[in-house]
Amino acid sequence: MGLVRALARPLLAAPFIYDGINQLSNSEKAASTARPIVAKISESTGLPNDPQLLVTANGAAMLAAGAGLATGVLRKPSAAVLAATLVPTTIAGHSFWEHTDPDERAKHLSQFVKNAGLLAGLVMTLVDTEGKPGLLYRAKLAGDSVGRTASLTRREARHAAKTARREAQHAAKTARREAKIAMLAAKDAVT
């Protein structure tokens, strides 16, 4: 599986690196496309209403995180950043629901669906454990181990208590026997 991951990560990262470079080199064009979405986002989030700045930042994030994913350096944070940049990019650039021309609508729907597939790949990257047991499995294993240890400790405690009772009964029996012998010896000494 290592070879598959080594090939898949750069392939998954390639569109983001390409789009990041494209956004950085053509930020004016991308800013005009993003202007309506940026206006809506800036009202609700407090981000600056500067499409040029946000497109440049988005392009830089896509380029850096794409490189991180492609090389495997900080792959999970890179995948998270790419997923976060993909959503606004898809909504701003491929809002197929706003187009009435069937050809334009089909083109944007195709890109929207492609981006949904890329998002699925990024989510899979986020949850990939690279063949190692996942967190839930390891937690269950630890819980089972704790349960086995507790059960063993209970059995050992019952055994120790049973052994202590037997030894106490034996010691009491021995003490009674020795007391009886001592009383008989005292009686014989008196007579």
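Guide: Rings of Phe, Tyr and Trp (its six-membered ring) pair if their centres lie within 6.5 Å; planes under 30 degrees apart count as stacked, over 60 as edge-to-face and the rest as tilted. This is a predicted model, where local features need pLDDT of at least 70, side-chain atom pairs count only at pLDDT 80 or more, and totals for chains, interfaces and linings use all residues. Residues are numbered from 1 along each chain as its sequence is written, and side-chain values use heavy atoms, with hydrogens and water left out.

Visitor: Which residues form one aromatic cluster?
Guide: The whole structure holds three aromatic pairs. F96 and W97 have ring centres 5.2 Å apart and planes at 75°, so this pair is edge-to-face. F96 and F112 are also edge-to-face, at 5.2 Å centre to centre and 70° between the planes. The one cluster is made of F96, W97 and F112.

Visitor: How many residues apart in sequence are the parts that F96 and F112 tie together?
Guide: F96 lies in the loop between α4 and α5 (102-127), whereas F112 is in helix α5. Helices here are DSSP runs (H or I, at least four residues), numbered from the N terminus. The parts tied together are therefore separated in sequence by 16 residues.

Visitor: Is F96 buried or exposed?
Guide: Buried means under 20% relative accessible area, exposed over 50%, and partly exposed in between (1.4 Å probe, protein chains only). W97, at 42%, counts as partly exposed, and F112, at 27%, is partly exposed. F96 has 18% relative accessibility, so F96 counts as buried.

Technical notes. Helices (H or I, at least four residues) and strands (E, at least two) are DSSP runs, numbered from the N terminus.
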